[in-house]
Amino acid sequence: MRAHRLVLWDIDHTLVDYTGLGIGWYGSALAAATGAEFRTHPDFGGRTERAITADVLALHGIEPDEETIQRMWRELIAAVDRARDTLAESGRALDGAAAVLADLAGTDGIVQSLITGNLPEISRHKLAALGLDEHLDLDIGGYGSLSARRSDLVPHAVKAAETKHGTEFPAESVVILGDTPHDIEAALDYGAVAIGVATGRFSAEQLTDAGAHLVLPDLADLPAVRAAVLGQP
Ligand SMILES: [Mg+2]
């Protein structure tokens, strides 16, 4: 039987590890956009850029209005642009990520894209630097500019995929993989299949407790990842 799946990947700590870079980028973006000195930051894990940016501004006593948020994002994108040549050295693709993306791309009926808290431009840079952009459809997907709530990204991504590929993806054919309870919650809110990948700071037990249908220790075991993505109802 032909597989029919929309597979939506998280980026950070699911496919790649750029630990520590985001804080530096936010520091330079805050200084450039507002003149404020970066003193503190909110939790970044599994949250969207819209949520994080609003919190960073508020924590520095700056009103997070849309104009300031957009100015911060222009500076964030500029900071990542400046870092492009050294991105590959500052991060790493997680074990098995490249092989899994390529394998699923070669499986009939599968469309792969993103549900990520990152901005689209930054998503592209992070993945391209490590050679992981080839098999993901980055024209569609749900990105962190859309909403402070990760769950809001999912219907947007599914609709974009349906429009582009001219087919319907019922909720049970949508598979979302991520490393935080926020990823799991976003999947469950939509009625999608929620697969935890325990390569971030949350344990398999914590992701199971968050409601994941299945948790993988990492992406290294290709048959196991394939079975997880294709095997759910
Ligand atoms: Mg993540």
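Domain bounds here come from an automatic or database domain assignment, and in this predicted model that assignment divides the protein chain into domain 1, made of residues 5–18 + 92–230, and domain 2, residues 21–87. The C-alpha centres of domain 1 and domain 2 lie 24 Å apart, and the contact between them draws on 21 residues from domain 1 and 17 residues from domain 2.

The size of an interface is often given as the accessible area lost when the parts come together. For domain 1 and domain 2 the area buried between them is about 1,600 Å², with carbon and sulfur atoms giving 65% of that value. On the side of domain 1 that touches domain 2, the elements giving two or more residues are α6 (120–129) and α8 (181–190), and α6 gives the most, with 5 residues. Sorted by class, that side of domain 1 has 7 nonpolar, 8 polar and 6 charged residues. As for salt bridges, the rule finds 1 across the interface of domain 1 and domain 2. In the salt bridge of Asp43 with Arg201, the two side chains meet at 2.4 Å, N to O.

The side chain of His60 reaches back to the backbone oxygen of Val56, at 2.7 Å. When residues up to four places away in sequence are not counted, His60 touches Leu30, Glu37, Phe38, Arg39 and Thr40.

The second residue, Val197, lies in strand β6, which spans residues 193–197. Val197 has a relative accessibility of 0%, and therefore counts as buried. Which residues are in contact with Val197, once its neighbours within four places in sequence are left aside? They are Thr14, Leu177, Gly178, Asp179, Leu207, Leu216, Asp218 and Leu219.

Conventions
Residues numbered from 1 in each chain as written. Predicted model: local features only at pLDDT ≥ 70, side-chain atom pairs only at ≥ 80, totals over all residues. Heavy atoms only, no water. Polar contact = N/O pair within 3.5 Å; in protein donor to acceptor, adjacent residues only side chain to side chain. Contact = heavy atoms within 4.5 Å. Buried area = accessible area lost by both parts, 1.4 Å probe. Salt bridge = Lys/Arg side-chain N within 4 Å of Asp/Glu carboxyl O. Helix = DSSP H or I, 4+ residues; strand = E, 2+ residues; numbered from the N terminus. Nonpolar A, V, L, I, M, F, W, Y, C, P; charged D, E, K, R; others polar. Buried < 20%, exposed > 50% of the residue type's maximum accessible area, 1.4 Å probe, protein only.
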